[in-house]
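Hi everyone, thanks for coming. Let's have a look at the structure together, and I'll walk you through a few spots in it.

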Amino acid sequence: MPLVLPASTLQHPRKAPALNWGILGPGWIAAEFGHSLNTLTRSRISAVGSRSFERSEQFVKRYGDSATRVYDSYTQVIEDPAVDVIYIAVPHSGHADLAMQAISAGKHVLVEKPMTLNAKQTRQVIDAGRAAGVFVMEGMWSRLLPVGNVIQQVIASGMLGRIISIHADFGAKFPEDLTSRIYDPALGGGALLDVGIYPIAFSVMVSPAKELLHASGRMTQTGVDASFTAVLSNDDGSTANIFSSIETDSPQAAWIAGTEASLEVERPIYAGSKLVLRGSDGSILDTQKFTQDSPARGLGWEAAHVAWCLGEGLTESPVMPLDESLAIAVTMDQIATDLRRN
Ligand SMILES: NC(=O)c1ccc[n+]([C@@H]2O[C@H](COP(=O)([O-])OP(=O)(O)OC[C@H]3O[C@@H](n4cnc5c(N)ncnc54)[C@H](OP(=O)(O)O)[C@@H]3O)[C@@H](O)[C@H]2O)c1
């Protein structure tokens, strides 16, 4: 097997079918999504719902068009027959309830990461989506970028040999604003659900976790996790070391060490800028760079993936499967339990 990095097999988002999106929660990430959707795809924002009419209106002025509907509730967007698919972009604590409402209304749903606050809620959303026959996906956008596509091809090819170890981290120093959602336990704050999910999802993508061996870390004054390290034992016999923090920056990188070769993903882990393939002697065999004008531009790839899936009549993404969202949630529950104990 040639030890070279494959090219991405993704088609440009502009080639994906056009969809009418309904946005719930016109905050920070919704703005990035709107910008990226308009820049990269042929889809449009059909309706926006906020707890405030003015905030919806402001958002629509920037990212909507003359036909975009402005609502002062989330329910109106969910019930709007012109909306094909709902993008849930409120803080984590609101994901499960809104996803269940959208599914009950027969709408397809893209739920921002994390899908919900815990495995119990995630299972409920998955079961409801499957029973209703609608498309449901967690917004783990990193996988839907060209870099994610290349990483998945490398893993599937077996070119790394037997996987021995995975290292992945995401630490980012957030402003110490104890009133922000990042620090608020009621909104699902803390490193684990916000940034820790990226290295965990990376590790689960390479190899499903069998058990959590250990997790320990520090809590904030508000009682959410500030930083943690977790060690996982995986189904294939490999181990994974995960670090995440909201109080310090970290390399935000990942590597997979195999018996034949290793793969390094350079910062940032959520949208890797460069891949390095090394042979078993450590020599560099191949590299590939990935450029984006801004990380947010990448969200259009995620929106396009949803459009491709719907165009093919799928109710689940083969790239971000629901069982994997559940596996991530189960691992995060175990880490949260350990962090409270240790
Ligand atoms: N994919 C990524 O790269 C990425 C990056 C950042 C965040 N996210 C995810 O996106 C979600 C939202 O994050 P964000 O940073 O965009 O959050 P945010 O700006 O703080 O909030 C998003 C919107 O949610 C609505 N909202 C509903 N209930 C709320 C409450 N109780 N408190 C505050 N706002 C509430 C607000 O809109 P209205 O009041 O106008 O309705 C707010 O503007 C999170 O789950 C996060 O994990 C993903």
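Let me begin with Val109. Leaving aside neighbours within four places in sequence, Val109 is in contact with Val85, Ile86, Ile88, Ala99, Ala102, Ile103, Val134 and Val136; contact means C-beta atoms, placed from the backbone, within 7 Å.

A word on what we're looking at. This is a predicted model, where local features need pLDDT of at least 70, side-chain atom pairs count only at pLDDT 80 or more, and totals for chains, interfaces and linings use all residues. Residues are numbered from 1 along each chain as its sequence is written.

Now the wider setting. Val109, with Leu24, Ile86 and Ile88, has the most contacts inside the largest nonpolar core, which has 106 residues. Such a core is a set of buried Ala, Val, Leu, Ile, Met, Phe, Trp, Tyr and Cys residues joined through C-beta atoms within 7 Å, and buried means 20 or more other C-beta atoms within 10 Å of a residue's own, all placed from the backbone. Helix 7 (residues 191-206) gives the most to this core, with 12 residues; helices here are DSSP runs of H or I, at least four residues, numbered from the N terminus. Domain 1 (13-140) and domain 2 (142-293 + 318-341) both contribute residues, so the core lies between them. Those bounds come from an automatic or database domain assignment.

What about the ligand? The shell around the ligand also takes residues from both domains, so the ligand lies between them.

Last stop, helix 9 (residues 322-341). Its buried residues include Leu322, Ile328 and Met332, and helix 7 is among the elements covering them.

Key:
Buried ≥ 20, exposed ≤ 12 C-beta atoms within 10 Å, placed from the backbone. Helix = DSSP H or I, 4+ residues; strand = E, 2+ residues; numbered from the N terminus. Contact = placed C-beta atoms within 7 Å.
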